[in-house]
There are 2 protein chains.
Amino acid sequence: MKVSREKAAEHREALVTAASRLFREQGIDGVGVADISKAAGLTHGALYAQFESKQALAAEALSQGLRRAEVPMKKAADEGGLGACLDFYLSPRQRDNLAGGCAMAASASEIARQDVSISTEFAGGFERMAAIIEATLKRELPQKSRRQRAISITASLIGAVAASRAVAKSDPRFANEIIAAARHALERLGGER
Amino acid sequence: MKVSREKAAEHREALVTAASRLFREQGIDGVGVADISKAAGLTHGALYAQFESKQALAAEALSQGLRRAEVPMKKAADEGGLGACLDFYLSPRQRDNLAGGCAMAASASEIARQDVSISTEFAGGFERMAAIIEATLKRELPQKSRRQRAISITASLIGAVAASRAVAKSDPRFANEIIAAARHALERLGGER
DNA sequence: TGTACATCAGTGAACGCGCGTTCACTGATGTAC
DNA sequence: TGTACATCAGTGAACGCGCGTTCACTGATGTAC
């Protein structure tokens with residue numbers, strides 16, 4: 001049956017949100033359209049009324065997931081600078097929170113195998129995250145050097161969280177050592193001339 | 001038909017090698033047992049004569065992939081120290097070489113969703129890679145600090161290559177900027193007191 | 001404001017397909033005599 | 001060294017299952033008069 005424009009928009013949003021969470025938890029290949037529709041309280045047919053394909057939904061889900069992850073990072077940056085960003089991103093809490101965590105760390109190595117639209121979303125998210133980091137770096141540094149460091153710190157954050165998650169199942173202590181080591185090293189990297 | 005012990009061992013090896021390459025190229029979930037068997041010149045039945053399950057093969061494939069990736073890294077470390085390691089690992093060539101490249105960067109974010117045996121293999125590979133890096137760091141640094149930096153550098157390498165690969169499809173210039181930025185930053189990190 | 005009707009979001013059965021795994025069978029290997 | 005036979009690596013058909021996607025249909029929405 002038809003549904004009001006308003007309700008339809010809500011349903012679309014629910015699909016994107018469910019997909020975003022499930023993709024982070026189980027990977028894009030690991031989740032089916034049936035799982036997503038069910039989590040959103042709809043049938044898979046409704047999904048195809050809203051999106052052309054699973055890939056199209058994935059691109060929108062990644063976009064939403066990236067933008068959500070930027071909010072607490074921006075807040076940390078504004079309130080406590082680089083140190084607060086590192087504390088937030090490299091905390092065991094954020095590491096263990098696949099469902100709500102950063103989509104870049106959750107999907108980094110999968111993105112390369114998806115459609116170009118997914119790559120574009122990732123690139124945008126990475127760029128925006130690097131800009132947030134860059135704003136926390138010392139003003140004395142040349143602009144070029146600040147951008148370089150911000151990009152490097154962003155990539156390191158992703159690597160540290162992904163690696164920490166990868167070893168967490170077999171060696172939780174090592175998992176914590178990895179994020180703690182990154183915490184120390186990146187503070188140095190951001191702080192020095 | 002039965003086959004000599006020697007031939008059987010060769011077949012096992014061929015399955016592991018094919019799986020290792022295909023998993024890196026297309027992800028563990030993205031490759032079927034039929035693809036792997038075919039690439040090794042066998043049928044899927046032969047795969048199940050050698051391995052208990054796809055996961056068991058995946059663990060052995062990851063192990064082999066990690067050990068192979070360590071060889072050129074160790075060589076670079078011995079010949080040119082940290083700088084040569086960074087040049088090798090962060091080169092566009094290594095970034096574009098999914099089939100032959102490092103299994104950690106290729107699978108980082110997927111590992112967290114696999115069996116614990118896969119996590120164990122990853123942890124071992126990460127530890128050995130960090131040890132290679134650690135050996136290139138200045139002897140004057142306290143041992144604790146060297147280990148910390150080596151772990152951080154290893155995580156950063158993985159993140160930089162994974163991120164570079166993720167954006168390569170949509171923005172090749174940005175992809176190169178990421179590995180170049182990491183190259184600079186990690187040299188600093190390794191070189192300073 | 002009230003009525004007639006076109007629109008279209010959502011349902012659920014059905015599609016072909018490839019997945020991981022099992023198993024009866026084959027026949028060369030390698031062992032026991 | 002030669003023969004008889006148990007072993008078992010490898011084959012290929014078959015298993016149930018879930019995948020992404022399509023489509024005829026439903027019926028409330030929202031528009032035209």
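**View 1. Charges of chain A in the predicted model.** The mean positions of the 28 positive and 23 negative charges of chain A lie 2 Å apart, where Lys and Arg count as positive and Asp and Glu as negative, with His and the chain ends not counted. The place of a charge is taken as NZ of Lys, CZ of Arg, CG of Asp or CD of Glu. This is a predicted model, in which local features need pLDDT of at least 70 and side-chain atom pairs count only at pLDDT 80 or more, while totals for chains, interfaces and linings use all residues. Residues are numbered from 1 along each chain as its sequence is written, chains are lettered from A in the order in which they are written, and side-chain values use heavy atoms, with hydrogens and water left out.

**View 2. Helices of chain A.** Chain A holds nine helices and zero strands, these being DSSP runs (H or I, at least four residues, for helices; E, at least two, for strands). The C-alpha trace of chain A spans about 65 × 40 × 30 Å along its principal axes.

**View 3. Burial in chain A.** Of the 193 residues of chain A, 51% count as buried, that is, under 20% relative accessible area with a 1.4 Å probe and protein chains only.

Note on methods:
Buried means under 20% relative accessible area, exposed over 50%, partly exposed in between (1.4 Å probe, protein chains only).
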